[in-house]
Amino acid sequence: MTTQPAVLAVEAAVATQSVAPVVAPAPRRRPRLAWLVRIASVVAAIGLWQVLTANHVRLWLRFDTLPTVTEIVTAFGHRLGTQDYWLDLGQSLIRILTGFAIAAVAGVLTGILLGRSESFANVFGPLTELTRPIPAIAIVPVAILLFPTDEAGIVFITFLAAYFPIMVSTRHAARALPTIWEDSVRTLGGSGWDVLVRVVLPGILPGVFGGLSVGIGVAWICVISAEMISGRLGVGYRTWQAYTVLAYPEVFVGIITIGVLGFATSAAVELIGRRVTRWLPRGEEKTR
Amino acid sequence: MSAVGMALELHDLVLSYGGPPVVDGLDLSVRPGEILVLTGPSGCGKSTVLRALAGLLRPDSGRIEADGEPVVTTSRDRAMVFQDNALLPWRTVRSNVELALKLAGRPRAGRQDDALRWIADVGLTGFEDYLPKSLSGGMRQRVQLARGLAGAPRAVMMDEPFGALDTQTRTSMQRLLIQTWRAHPTTVVFVTHDVDEALLIGDRIAVLGRAGQPLRALLDVPSPREPSVVRSALRAEIISALDHSELVS
């Protein structure tokens, strides 16, 4: 107890010392140095992995069972040359994009209706609130039973996973929309349709894109899991398949592929989102 | 242009937002083509009356008539200019004005030229492609003025349109308003709590009482919008009416 204030004081002193000189433009002055540090950090982590696995280190965690960096790189190079790899990749992309696209359309439509129509919210709202807490992946058995093909089942799971974050964000955005925009369009002679198309749809875009960003993330989680459980092709299926035949470097090839795909799709959503919401006031911009 | 401005009539009007009435039993008629200023203490319901006139708020009881027709909803004939942030932020200056022209039913062909002319009329040439976020408050209100009048509405409700501006900008906006209104005559109902603004632009000035109380005063402004006329007596009268409504509560 008695030492605590002293510790805090020391921490505070250290904090002010290290922060004070960096206050204004310091991080911008040395972008090259910052990048060197970032790259070095990643290289160090990869190096550590190589050291741990190549020397069969066993410190409770059993690194001797895992492939080395060189083994993974070799396997990756080999896999990239096979047709299977690209088929799997294409299959997974088709599944996620189909499921995600359906979820985006359905999520935005029902989100607007839930946010703006009381009668629709009364009929449909309780159903969404009851089903929302169930993780999409828990529905896999139902999807297998319900859909005639595994393919449709996997797309359905992906759809379900992405649907809820999109719907919830859209609903919230539709409810939080400032009424003054609607009022101004109506007093200019706009109809209900004009309000929907010219105020609601553009106005909720920032919120919708928040939902799309979350949605694409959970969609990947679910498409990979569903493929591991019931797929015949796909990155998730191949990764699990590699594990069952003890091809551990290939497992890592799959994991890295999933990471790259996830990053690329999220970045695409983010980029499109920024482009269509350029009108938002942003911190760095000055107003006249 | 057909008849200059529309007549607006309020009969025994009761308005509320679900609770106790904000406006109770108001009778008021707005003459075609005049600028009627509504003023009163804050919370007296002047903006509420304006919303009802625009058709954005349904009366609890009583009648609102526009040229003898009951007002049931919004119409392109009764436009509204808000205090701030009413421009669609994802549309440029030009696009905001063009939307008003489109909603007013103008054919696509002339819309762009009309919009540019309106932008020039409010002194914003060169800012056509700016988004509202890159404009100052005064410039945004210029756009709102253009947008509100571009559809040639027969009445315009103005809800403290210059209330958020600094004194200097406000003075130039008042001049611009009068100038634009002379070029495009229409009925204007103008809400403000600034007595000098009321005296400067109004044909008549209505002083509302506290929430739920009757009209305190309805005063004619002799030779309106004539800057040389001294209006200290009228000013005193309005201020006493305002004070009176202040004290009664």
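Predicted model: local features only at pLDDT ≥ 70, side-chain atom pairs only at ≥ 80, totals over all residues.

A: In chain A, 70% of the contacts between residues at least 6 apart in sequence join residues at least 24 apart.

Chain A has 12 helices and two strands, in the order α-α-α-β-β-α-α-α-α-α-α-α-α-α along the sequence. Of its 288 residues, 31% count as buried. Chain A is split into domain 1 (23–66) and domain 2 (71–276), and the C-alpha centres of these domains of chain A are 32 Å apart.

Chain B is likewise given in two parts: domain 1 is made of residues 1–77 and 154–249, and domain 2 covers 87–152. The centres of domain 1 and domain 2 of chain B, taken over C-alpha atoms, are separated by 25 Å. Where they meet, 13 residues of domain 1 of chain B are in contact with 14 residues of domain 2 of chain B. On the domain 1 side, helix α5 (residues 167–183) of chain B supplies the largest share, five residues. By type, this side of domain 1 of chain B has nine nonpolar residues, three polar and one charged.

An open sheet of four strands in chain B has the order β2-β1-β4-β5, with antiparallel pairing. Its edges are β2 (23–30) and β5 of chain B, each of which pairs on one side only. Helix α1 (residues 46–54) of chain B lies across β1 (8–15), β2 and β4 of chain B, and runs at about 120° to β1(B).

From V72(B) to I178(B), 106 residues apart along the chain, the C-alpha separation is 30 Å.

The contact with chain A involves 24 residues of chain B and 17 residues of chain A. On the chain B side, β6 and α2 (93–103) of chain B are the elements that give two or more residues. That side of chain B divides into 15 nonpolar, six polar and three charged residues.

V97(B) can also be placed in the largest nonpolar core, which has 116 residues: V97(B) is one of the members that touch the most others, along with I157(A), A162(A), A219(A) and V189(B). Leaving out residues up to four places away in sequence, V97(B) touches A115(B), W118(B), I119(B), V143(B), A146(B), R147(B) and A150(B). Another core, of six residues, lies apart from the largest one, and includes A75(A), A242(A), V251(A) and V253(A).

Note on methods:
Residues numbered from 1 in each chain as written. Chains lettered and ligands numbered in written order. Core = buried A, V, L, I, M, F, W, Y, C linked by C-beta atoms within 7 Å. Buried ≥ 20, exposed ≤ 12 C-beta atoms within 10 Å, placed from the backbone. Contact = placed C-beta atoms within 7 Å. Domains from an automatic or database assignment. Nonpolar A, V, L, I, M, F, W, Y, C, P; charged D, E, K, R; others polar. Pairing = 2+ DSSP bridges. Axes fitted to C-alpha atoms, helices over the stretch in contact; angles between N-to-C directions.
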